[in-house]
Amino acid sequence: MEFLNPAALYAFALLPLLLVPYLIRRRPRRLFFSSLLLLREFATRRSARPWGRLHLPPIFFLQLLLMALLLSALGEPSLSFRPVNVALVLDNSASMQATEGEKSRFQLAQTEAAKILSALPAHARVDLYIVVPRLTRVTEESLKPGEAIARLNSLGPLDLGEPAIDYGAELERLVRERKYELLNFLTDHPAGGQSENVRVATLGRPKPNLAITEFQVARRSLALPQLEARVTVRNFSVTEQNFRLAFKGNGKLLLSRPYSVAPNRSVEAAFENIPWRPYYEAEIDAGDGLALDNRRFAVPPPQGALKILAVSPRPEALSSLRAIPGVELQLVSPEAYEKGNFGPHALEIFHYSAPAALPDSHALFVLPPKQNPLVEIGAALSRPTVSGWREPHPLTRYINFALFRPAYARALKPGGLGEAIVQSPDGPLAVALEQNNFRYLALGFDPFPFLGRQNLPVSIFTLNLLEWFHEGRGGSGGATGEPLAARLRAGESVLAPDGEKIAPEKSSTVFARTYAQGIYRITDGETEKLFAVNLGDERESDLREPPAVQLRNEPGAAAGRAFYASLWPYLLLAALALLLLEWFLNPASARERPASEPVKRDDFRWA
Amino acid sequence: MDRSCVECYYFLVAVMLPAPFTAEFLNRLEVLRLRTRKDVLGNRPGAYSSPRRGTSLEFADYRKYSPGDDLRYVDWGIFARSDRLYVRLFHEEVDLFAYIFIDASASMAFPSIKEKFAPACNLAVALSYVVLANHDHVRLHSLKDENAAASPFYRGRQRMRDLIHFVSSVAPAGALEPAPCLGNHLKHIRRPGKAILISDFLVSADAYQRGLNLLRAFNLDISVIQVLSREEIEPALPRGELGLIDSENFSELRLEWSETLRREYQEKLVRHNRELKSFCHQNGIHYSFYPTDGDLGRFVLKTLPATGLFR
């Protein structure tokens, strides 16, 4: 039992005052009696004390109990069983930055969480969780409620999309495995279903939003150095929205144009022949709920030719690539590749060969051996026909696949990671994979040598793949939460968008703490490389109807239903009953039969 | 008085008298007669034995014949045996003079007149009616302070109205000193008879003994009826410190009333009553106890005959 208003219990100190009426010498009640002859010897001796003899009749204890009950009721006692093993999961995804009035959803979640924690008993143990970059515990050790509130204030939302997990199942799994008696999930998702142990508090209301979903700065083609920018703005509302799109370079305004976008539609803006700047920024002036997706960053692709490192036991076939403008080719044998250090290249082509592990650059695998880190190799095919292809896809543009008939091929098995771009009846012929901001492509056929117009479908495919790799060198930048497309070397550090300088603990690591949108700079003190990181999850921008958290009411291992009952009404009833009992027992003067009545003249009539 | 007149009289008296005096109750009182332990001196023929010789059927003594004696009373048997003339003497039977003393002190108004004094007066009226119904004399005396309020002698049922009027005029007040008060009344009593004292006897033993001895000195056949209210027998005083005021002398007594004290008071009251009863028994005084919340009819018709006040 506990008291919701413990300050009222100080009033118990006033209980001794109840003795005062019993200590004060009261003038005795004067009553007539027929004759005092038989009572004289019972006369009491008068005391000189100002107070009377402390005579505590049973009614005093009844009154004491009555007062104690009333004071206890003032203290608002409550009988409660409150869970002591509690988990608090905070949704810190990008959509929690949406504002609700003057506060963001995440601030509302913090306030709600503080209320929940304050209501817990002092000996409760709390585990704090956040959902991005993944559902994980904030601290290793469980916290006391007060510690959890302090830790709560140090948390903030990240510019990350939520992981594609089934929250209902995941949270109930947590409850089962960690034996939580109660798990509170504070999010902007609505709750579906019920659960004894999982409670979902939904913060925020659906609201329209305008978001830049794509921003890319690229060279017009592999051969042309001019830059062009494309910005896609999507309207996540049911009304047409007007906005002004500002295009900035290195923080300074370059262009600004008005646009309008229909409901649930996207509008694409293109800026051609833009001047070269270290980085670019697109911004719309929509005063909507989520400010994060109103800005997006991009860095231009590297200037100059596409540097290719070709590793092949048959270098003569690859040397035909030199005929393509804007391509610089370096040919090495597989043995030389294993031994040497060839520095950074924009693209590494492994022709009939494969490295032990995926390289830290874009890579093309052409008919790799069975021991390769990307795909499994299937059966050999002679002049396979193409039965399907991804469309639209940069790799399949402008190709007449009816004429696409490589002389020899091997079917590939992507193994779950990559996606098949070109399919034959016996299996994929081209498998693409984007991982850690690097693009990998495995081909089950040999597109080399580059024959130009003599083999037009394959030549177009070769140009497409070079273009695809070239696009992957920058321009649109990476998504938040994904590692930067470069390994940190000794002496290099990362300057985050918020100005924080992060030095790697060890060299040759990938910086993956890209939790904020903006420009990241890898610098060694003299030179710096810029990386644009943007919110990469459109679902975070859609603030209208986020998917519900489906709870399945699976009983937890330590399921304990919280119980709360306020006792003060019962105490008041008991006090009332005692009051009635006291009224009944106490010989109040009004109800008392007079022992004697004053003698009046009128009474002296006999009949 | 023929029967129809008697019934009419019963009706009228019943209308005048308080509730216990129903026609049936009065009819039953008719058959009662006071019993005396001593000879009385009446002035008319009656039903009570007198110390004087008279013409009753009850033999009293012999004396030598004197010339002029009625020859009907000569005992011829003795003359035959002893050749001497003796005359038989008989007791004289006279009417009764009853004196009913009602304690009219203030204590008789406790807890209220209706609860103590009125029942005592009812009792006195019932006793008076028994006397009047037997064509004897009754006189009521109110014992209060030293004032000697006494009614004239009443005789015959037709004096009930006057008797009731006298009783109604008595109001309890003041303190009572039995001996002086009785002394004042006894100054006016010429004939010995039956004295019935109705009182609560809440006075010291010495005081009531002196009063009763005074009655004894007047050669009265004494009966004592002690009346106490239920409040006096079982006081229901509030617990705690009390200032009790004596209803007669208004003196105040502070005491801490409790259950224990109540029991001690009751024990003391029992001792007091037992002492009074013992004194009465030792001195040939008839004693009865009447709690005023009791049934008057039962007390008069059952209890008093059983204890020997009536015959």
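Helices (H or I, at least four residues) and strands (E, at least two) are DSSP runs, numbered from the N terminus. By that count, chain B has 10 helices and 11 strands. This is a predicted model: local features need pLDDT of at least 70, side-chain atom pairs count only at pLDDT 80 or more, and totals for chains, interfaces and linings use all residues. Residues are numbered from 1 along each chain as its sequence is written, while chains are lettered from A and ligands numbered from 1 in the order in which they are written.

**Chain B overall**
- Of the 311 residues in chain B, 40% are buried. A residue is buried if 20 or more other C-beta atoms, placed from the backbone, lie within 10 Å of its own.
- Two residues are in contact if their C-beta atoms, placed from the backbone, lie within 7 Å. Take the contacts in chain B between residues at least 6 apart in sequence: 74% of these join residues at least 24 apart.

**A helix pair in chain B**
- Two packed helices are described by the angle between their axes and the distance between the axes.
- Helix α2 (residues 23-30) of chain B packs on helix α4 (residues 113-133) of chain B at about 55°, with the axes 9 Å apart. That angle makes α2(B) oblique to α4(B). Angles under 35 degrees count as roughly parallel, over 145 as roughly antiparallel, 65 to 115 as roughly perpendicular and the rest as oblique.
- Axes are lines fitted to C-alpha atoms, for helices over the stretch in contact, and angles run from 0 to 180 degrees between N-to-C directions.
- From α2(B), B:L26, B:L29 and B:E30 meet B:A126, B:Y129, B:V130 and B:A133 of α4(B). Six residues of this contact are nonpolar, none is polar and one is charged. Ala, Val, Leu, Ile, Met, Phe, Trp, Tyr, Cys and Pro count as nonpolar, Asp, Glu, Lys and Arg as charged, and the others, Gly among them, as polar.

**A sheet in chain A**
- Five strands of chain A form an open sheet with mixed pairing, in the order β29-β35-β34-β31-β32. Two strands pair if DSSP finds at least two bridges between them.
- β29 (478-479) and β32 (501-502) are the edge strands, each pairing on one side only.
- β31 (residues 493-495) and β34 (residues 518-523) of chain A run antiparallel, joined by three bridges. A:V494 has A:I522 in β34(A) as its bridge partner.

**Where the chains meet**
- Chain A gives 29 residues to the contact and chain B gives 46. The chain A side has 16 nonpolar, four polar and nine charged residues.
- Strand β2 (residues 29-33) of chain A pairs in the parallel sense with strand β9 (residues 240-246) of chain B, over five bridges. Opposite A:F33 stands B:D246 in β9(B).

Conventions
Buried ≥ 20, exposed ≤ 12 C-beta atoms within 10 Å, placed from the backbone.
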